Amino acid sequence: MDWKEFKAKDDVERLDKILTKELNESRKQIEQLIKEGLVKVNGKIVIKTGKKLIIGDSISYRFKDVVPKEAITIDFDVDILYEDEVMLVVNKPSGLVVHPAPSVKDATLVDWLIHKGISLSTISGEERHGIVHRIDKETTGALVIAKTNEAHQKLSEQLQDKSMGRYYLAVIDHPLKSNGIVEKPIGRNPNNRLKMDVSQRGKDAKSAFCKLVETGSPHNSQKNLELIAVKLFTGRTHQIRVHLESLGRHILGDSLYGFKSKKDTIDRVFLHAYKLYMFHPITGRRMEFVAPLFADMQEFINKKFNQGEVNEKINPNTIDTYFSTITQRL
C-alpha cells in the first residue's frame, strides 16, 4: 500500500500517541505498526514508539496486508438497498468491519465491494475505497458508498454540514428517564484502548435520545427493557454506546460498555442504523433509505415488545419528527 502522510498538530507528543489518535486504532496495534518499520518521521523510518515529536513534524505510515488479497475468503453477501452510477447504499450486517486496518484479519466490506467488481472512489486512499462514513463492526444498518471521487467529496460535505444523517434504533437494558440530549466530549479510555470514554480532553460529541416502547408495564417493579431511537449530531467512535453508559444505560449485547446478563444469549450489540437521509451528490434530490432490521434483532423485538406499538413508533415517515422538540439535557 502507498504511504499516507499527515503533520503533527501538538507540541512534544509521543509518536505512538499521535498515531493512535489519527488512525483510531488501539495502542497495541500502533506499536506493532511502528516496530514493523511501517512508520516514518520526516522521511525516515522510526521504530521507537515513544519518539517525541513537535508541531509540524511529518508522519508517514502504511498498512501491511495481513494476508494476500487473493487469499481472503469472501463467503458472505451484503444487501444493496440502492445503487446508481455514482453511489450505493447497503444494509451492513453485524460482525463485518467496514474497511481494512492493522488489527483486521477477516474480509471487510471494502473487500466485498472490490470482489463484486463495484467501482469505488479513491479519495480516501487504498484501504478505504468508497467509504464516506463508517459504523462499528457489530452495529448493523444503512451505509452509503461512493463510486466516484466527485460523489465522495459532495457526500463528505453533507456529513460536515449535517444535511446527511441517520436515525438509529437500539434496545437498552433499562428505560431512559426522559427524552433528551447528551452533549459530552469523547476520547480514548486511558485504561482500555478498545473503549472510548467521556473525557474533557476528548472531541465534542452530541446525541439525542428518544423513548419509543418499553417491555411490560411502566409501573412494573421488574427491570424493563426499552426500544429507543437515536440521532447523532457528531460522529465519534462508539458515540451512542459511550453516551448511554454515561446515563447508566447499556445496549443489549454490548458487554464492552457494561451490559451484563447471565441468562441472555445475545451475541452482538442491538444497535441498528435504521434510516439514512441525504441529497443525491449529483442531482441534489433529497433521498431517504430505510434499512430493515436483521432477523436476530427483529425476532428479539417481536418476542419482548408489543409489535403494534413498535410498528407505529418506528414508522419511517414519522421517526424524524420525534427529535424536533427534544431540547432537554440528560
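Reader: What are the ground rules here?
Author: The model is predicted; local features need pLDDT of at least 70, side-chain atom pairs count only at pLDDT 80 or more, and totals for chains, interfaces and linings use all residues. Residues are numbered from 1 along each chain as its sequence is written, and side-chain values use heavy atoms, with hydrogens and water left out.

Reader: Start with α4. Which residues of α4 are buried?
Author: Ala-151, His-152, Leu-155 and Gln-158. Buried means under 20% relative accessible area, exposed over 50%, partly exposed in between (1.4 Å probe, protein chains only). Helices (H or I, at least four residues) and strands (E, at least two) are DSSP runs, numbered from the N terminus.

Reader: How are they placed around the axis?
Author: Their arc is only 120 degrees, so they sit on the same side of α4. That arc is taken from the directions from the helix axis to the C-beta atoms.

Reader: What do they pack against?
Author: β9 (140-146) and β16 (271-279). Contact here means heavy atoms within 4.5 Å.

Reader: New topic. Which residues touch the most other members in the largest nonpolar core?
Author: Leu-109, Leu-169, Val-171, Leu-212, Leu-227 and Ile-251, out of 57 residues. Strand β10 (residues 165-172) gives the largest share, six residues. A nonpolar core is a set of buried Ala, Val, Leu, Ile, Met, Phe, Trp, Tyr and Cys residues joined through side-chain atoms within 4.5 Å.

Reader: What about a second core?
Author: It is separate, has 17 residues, and includes Phe-6, Leu-19, Ile-34 and Leu-38.

Reader: Last one: is Asn-91 buried or exposed?
Author: Buried, because its relative accessibility is 4%. Asn-91 lies in strand β8 (residues 87-92).

Reader: Where does the Asn-91 side chain reach?
Author: To the backbone oxygen of Pro-292, at 3.0 Å.

Methods: A polar contact is a pair of N or O atoms within 3.5 Å; within protein, one must be able to donate a hydrogen and the other to accept it, and residues adjacent in sequence count only if both atoms are side-chain atoms.
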